[in-house]
Amino acid sequence: MSDAQVRTPQDFIARLEEGDRWIELVRGRLVRLSPPDELHGNVVRNLSKALSAYFRQQAGLYACYELALLIQSAPATIRTPAIACYPVSIGLGELDKLLSETVPVLVVEVASSNDRRESMSERIAGYQAWGVPHIWVFDPESLHAHIFTPHETPRMIKETETLTSRTLLPGFDVLVGDVFMDPTWAR
């Protein structure tokens, strides 16, 4: 099947099952993203470690990595954020899926390439329209995190500041600069 023939969620899943990666469907058209670079990986590894430590103590959420999300059905739009978090109370069913139609409570994006950066406003608007209440965007170029929450003005947090989330993750905190560091613990 050619890229032009991938128009539905079923076509998209077939591509994933064939091993295709770093693809999305935007208004029924297949879009190829640049493969994640080392900076992207650093954000995912470091944030995963911080979230994992928090989730072990506060078992209310769990994280899925590179889970495709059907955020609009007609025409189909499927986004694949770095991390999507779900409440444990709904079960762990999202862990076994390639594509989810369940709205996560937190989406984490990494603006690590030009194509990801250029589409970020549209991605955020799509998540918000779908009902995602918390969106975190990490930008390895500016070393900032951008936080979007309901009924609040978006916030930009610098590398010298601490990211906290009183409503979603009470007691969670991570220095933004630490999220971008090369994780020697992973080597």
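How many aromatic pairs does a search of the whole structure find? The search finds five. A pair here means that ring centres of Phe, Tyr or Trp (its six-membered ring) lie within 6.5 Å; planes under 30 degrees apart count as stacked, over 60 as edge-to-face, and the rest as tilted.

Before I go on, the model is predicted: local features need pLDDT of at least 70, side-chain atom pairs count only at pLDDT 80 or more, and totals for chains, interfaces and linings use all residues. Residues are numbered from 1 along each chain as its sequence is written, and side-chain values use heavy atoms, with hydrogens and water left out.

One of the five aromatic pairs is Trp136 with Phe172, stacked at 5.9 Å centre to centre and 25° between the planes. This pair links distant parts of the chain, 36 residues apart: Trp136 sits in strand E9 (residues 134-139) and Phe172 in strand E13 (residues 169-175). Strands are DSSP runs of E, at least two residues, numbered from the N terminus. Trp136 counts as buried because its relative accessibility is 1%; Phe172 is buried too, at 3%. Buried means under 20% relative accessible area, with a 1.4 Å probe and protein chains only. Ring pairs also join Tyr54 and Phe55 with Trp136 and Phe172 in a cluster.

Now to the neighbour of E9. Strands E8 and E9 pair in the parallel sense over five bridges, where pairing requires at least two DSSP bridges. Glu109 stands opposite Val137 in E9. On its other pairing, E8 runs antiparallel to strand E6 (residues 83-87) over three bridges, with Val108 as the partner of Ile83.

Notes: Helix = DSSP H or I, 4+ residues; strand = E, 2+ residues; numbered from the N terminus. Buried < 20%, exposed > 50% of the residue type's maximum accessible area, 1.4 Å probe, protein only.
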